[in-house]
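Please look over the sequence and the 3D structure below before reading on. The paragraphs that follow lead through them step by step.

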Amino acid sequence: MKCYLCGLEAKQSEADQSGELVDCGDCGTYKISSLVLKELATKKFDYPKMRDDLHRQRQFNATSVAEINTESAIWV
Ligand SMILES: [Zn+2]
């Protein structure tokens with residue numbers, strides 16, 4: 001698969017109806033919710049801001065996976 005953020009080759013390690021877990025060498029591991037995946041069909045991430053936010057989430061809580069959900073998604 002391709003990373004939803006940077007478009008480079010990434011691994012999808014988990015997928016269920018709540019979303020997907022993506023493992024990207026560049027963006028790290030993040031969870032993306034199925035609602036956001038639906039929105040992604042018509043919208044585009046603000047990639048630099050989204051990456052900053054994932055970084056911030058990891059600093060804030062190192063034990064949980066950074067998450068892109070309808071609250072944390074940053075669109076262009
Ligand atoms: Zn990536």
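Donors are N, O and S atoms within 2.8 Å of the metal (3.2 Å for Na, K and Ca), and water is not among the atoms, so sites may look incomplete. The model is predicted: local features need pLDDT of at least 70, side-chain atom pairs count only at pLDDT 80 or more, and totals for chains, interfaces and linings use all residues. Residues are numbered from 1 along each chain as its sequence is written, and side-chain values use heavy atoms, with hydrogens and water left out.

Start with the zinc ion. Its protein donors are the SG atoms of Cys 3, Cys 6, Cys 24 and Cys 27, which lie 2.2 to 2.3 Å away. Along the chain these donors follow the spacing C-x2-C-x17-C-x2-C. Cys 6 belongs to the segment before β1 and Cys 24 to strand β2, so this pair ties together parts that are 18 residues apart in sequence. The site is tetrahedral, with angles of 104 to 115° among the four donor atoms; four donors count as tetrahedral if all angles lie between 85 and 135 degrees. Ideal angles for four tetrahedral donors are 109.5 degrees.

Is Cys 24 buried or exposed? Buried means under 20% relative accessible area, exposed over 50%, and partly exposed in between (1.4 Å probe, protein chains only). At 4%, Cys 24 is buried, while Cys 6, at 22%, is partly exposed.

Next come the strands. Helices (H or I, at least four residues) and strands (E, at least two) are DSSP runs, numbered from the N terminus. Two strands pair if DSSP finds at least two bridges between them. Strand β1 (residues 10–16) pairs with β2 (residues 19–24) in the antiparallel sense over six bridges, and the two form a hairpin with two residues between them. Lys 11 has Asp 23 in β2 as its bridge partner, and Asp 16 has Gly 19.

The hairpin leads on to the sheet. Four strands make an open sheet in the order β1-β2-β3-β4, with mixed pairing. β1 and β4 stand at the edges with a single partner strand each, so one side of each has no neighbour in the sheet.

Last is the core. A nonpolar core is a set of buried Ala, Val, Leu, Ile, Met, Phe, Trp, Tyr and Cys residues joined through side-chain atoms within 4.5 Å. The largest one has 15 residues, and those with the most contacts inside it are Cys 3, Leu 5, Tyr 30, Ile 32, Phe 45 and Ile 68. β2, β3 (28–33), α2 (47–60) and β4 (66–68) each supply at least two residues of this core.

Notes
Four donors count as tetrahedral if all angles lie between 85 and 135 degrees; four count as square planar and six as octahedral if opposite donors are over 155 degrees apart and all others between 65 and 115; anything else is irregular.
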